[in-house]
Amino acid sequence: MHEIVTLQFGQQANYIGTHYWNTQESYFTYAGQDESPINHDKSFRPGVGADGSETYSPRTLIYDLKGAFGTLRRENALYQLQQQEESIQEGGWSGSTMSLQLPPIAPSGYQQALDQGVEPPPLTNETVRFWSDYNHLFYHPRSIVQLNEYELNSSLMPFEKWATGEELFDNLDREHDLLDRDLRPFLEECDQLQALQILTSLDDAWGGFTAKYLERIADDLGKGCRWVFGSQDGQRTSREKQLLQVANSAQSLFAMNDTASMQIPLSSAPKSLPSYVQLDPTSKWHTSALQAAAFESLTLPTRLRRTEQGHATFDELETTLSNEGNRKVGALGMTVKSTGSSNTNGALNGTTNGTDDADSYDTDIDLLPEFTSSPSSRDTNRRPHRFSAAESLRGLWKDTEDIHDTNLATRDRRIANLRLRTSTHQSALLFPILPSYPSIFQFQKPEQKLAVKTSLQCSTLVADRIRELERNARRILGVEERESLCDGLTTMAEEYEDGWSDDEDEDEGEDSS
């Protein structure tokens, strides 16, 4: 079956996750329609509802703080009666009780319209208060895990420091054994687990919580495909908070390097965006939509049916990218085009140059965070040297014969142990623009589907950004944690320079001319 289990940790991750699951739900087809190119069994689990009917719910665990779920509850239309019966059976107190309940949060107009089966009103930044305000799905009660020890946006006990998340995990795991209680039931339902995909934040306490969670997974389950998509806040904020975010990100990347098979940092608001992207950096609904489009498109090949063009597994993508497991941080870029744009089909009109056209892997949107506490980054102006790239294309970006030749050449390179390894997976399935998705992509005319190109690369750009992070962290962290952490980040950066020098790129340029 090659199932995929998704773990979501914290606010930004759950905003991204809601966009992601809404998109997965849109791929379902029904009687009289063509079969969906997506194998839904990979991401969804069958079950039985309270009334005995068959259900289909996401294979996901959703962690968030008290007050972060909005109107979403563990009980829902599919499982409410079952949950009530369980609560009655589990209750051991026979005496009188007094219920104390906070005023309920009123459901959004969008959610009310979905419940009534009528067309929902357009969403705005003002009407999206929580990620649950634009959620389309019912989740299994086991998927919802509220951590009551901390409250969302609390000024008394903010969930901001990396060590706070680490400590919270240790305390909860000691009391409940989180893997046995939360994760193992989902794993036991899988015939052949393909991967864990983890959505989290790098720059707050969720980074510490996720790092400890991954450590426990590695201890219990050993090796496996575990891809971490870590969000970094791209907004300008106070100097004090910027320094804290840099320190948190440094600890997250270093701590997860041993337990994650791939890390893909995602800026919530890249500093340079093409003119067709209109993003409100203060809106999580907006920023998560950009991140979700890249995340969902990159991983699309792993959910396609085996018979579909463009199918791939996480393991196959990882084999292309990784240098024997040593390069674990990838730079994700994305380009989005209108389906009516002539540039989208340019490859089919003969504008690409075959299997070694490095420019074909360039993208408009760089989602790799700059990891700097100062307004300007110290990235060099040199063109990044690519070691490997995995490309996921939606729409007609390249000729299928060119793609076949590229992937064949990659296999030859891997066997010959040469430097540049690439793989390309192209699907005709376009990215759907749903009513729950904000209008962040502005083209000449509104479209319901868009062509998306994503490219995940291991290149010297990753080394430059990690070194920038190490330089900033060295000035911030205390003596005890500074040396091992900064030395570890330096070692990670050096993996992107092994066996290569600037002179080699210059020689290649002279040869090609």
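## A partly exposed aspartate

D180 counts as partly exposed because its relative accessibility is 39%. Here buried means under 20% relative accessible area, exposed over 50%, and partly exposed in between (1.4 Å probe, protein chains only). This is a predicted model: local features need pLDDT of at least 70, side-chain atom pairs count only at pLDDT 80 or more, and totals for chains, interfaces and linings use all residues. Residues are numbered from 1 along each chain as its sequence is written, and side-chain values use heavy atoms, with hydrogens and water left out.

D180 forms a salt bridge with R184; the closest N and O atoms are 2.5 Å apart. A salt bridge is a side-chain nitrogen of Lys or Arg within 4 Å of a carboxyl oxygen of Asp or Glu. Both residues lie in helix 5 (residues 178-188), four residues apart, about one turn of the helix. An α-helix has 3.6 residues a turn, so residues three or four places apart point the same way. R184 is partly exposed, at 25% relative accessibility.

## Other salt bridges

The structure holds 21 salt bridges. D180 and R184 belong to a network of them that also links D173, D177, R216 and D220. R181 and D182 pair through their side chains, at 2.7 Å from N to O. R181 is partly exposed, with a relative accessible area of 33%. D182 is buried, at 5% relative accessibility.

D366 and R465 form another salt bridge, with the closest N and O atoms 3.1 Å apart. This pair links distant parts of the chain: D366 is in strand 10 (residues 365-366), R465 is in helix 11, and 99 residues separate them. D366 is partly exposed at 29% relative accessibility. R465 is buried, with a relative accessible area of 6%.

## The chain as a whole

The chain has 13 helices and 14 strands. Helices (H or I, at least four residues) and strands (E, at least two) are DSSP runs, numbered from the N terminus. Of the 513 residues in the chain, 54% are buried. Among contacts (heavy atoms within 4.5 Å) between residues at least 6 apart in sequence, 82% join residues at least 24 apart.

## Nonpolar cores

A nonpolar core is a set of buried Ala, Val, Leu, Ile, Met, Phe, Trp, Tyr and Cys residues joined through side-chain atoms within 4.5 Å. The largest has 110 residues, of which F209, Y213, W227 and F441 touch the most other members. Helix 8 gives the most to this core, with eight residues. Another core, of five residues, lies apart from it and includes Y27, I38, L300 and L304.

Beyond its neighbours within four places in sequence, Y213 is in contact with residues including F9, Y63, F169 and D182.

Helix 7 (residues 239-256) has 18 residues. Its buried residues include Q242, V246, N248, L253 and M256. Among the elements covering the buried residues of helix 7 are helix 4 (162-176), strand 8 (262-267) and helix 11 (460-476).

T287 lies in helix 8 (residues 284-298). T287 counts as buried because its relative accessibility is 3%. A polar atom of its side chain lies 3.5 Å from the backbone oxygen of K284. Not counting residues up to four places away in sequence, T287 touches Q12, S268, L279, D280 and P281.

Key
A polar contact is a pair of N or O atoms within 3.5 Å; within protein, one must be able to donate a hydrogen and the other to accept it, and residues adjacent in sequence count only if both atoms are side-chain atoms. The expected span of a helix is 1.5 Å times one less than its number of residues.
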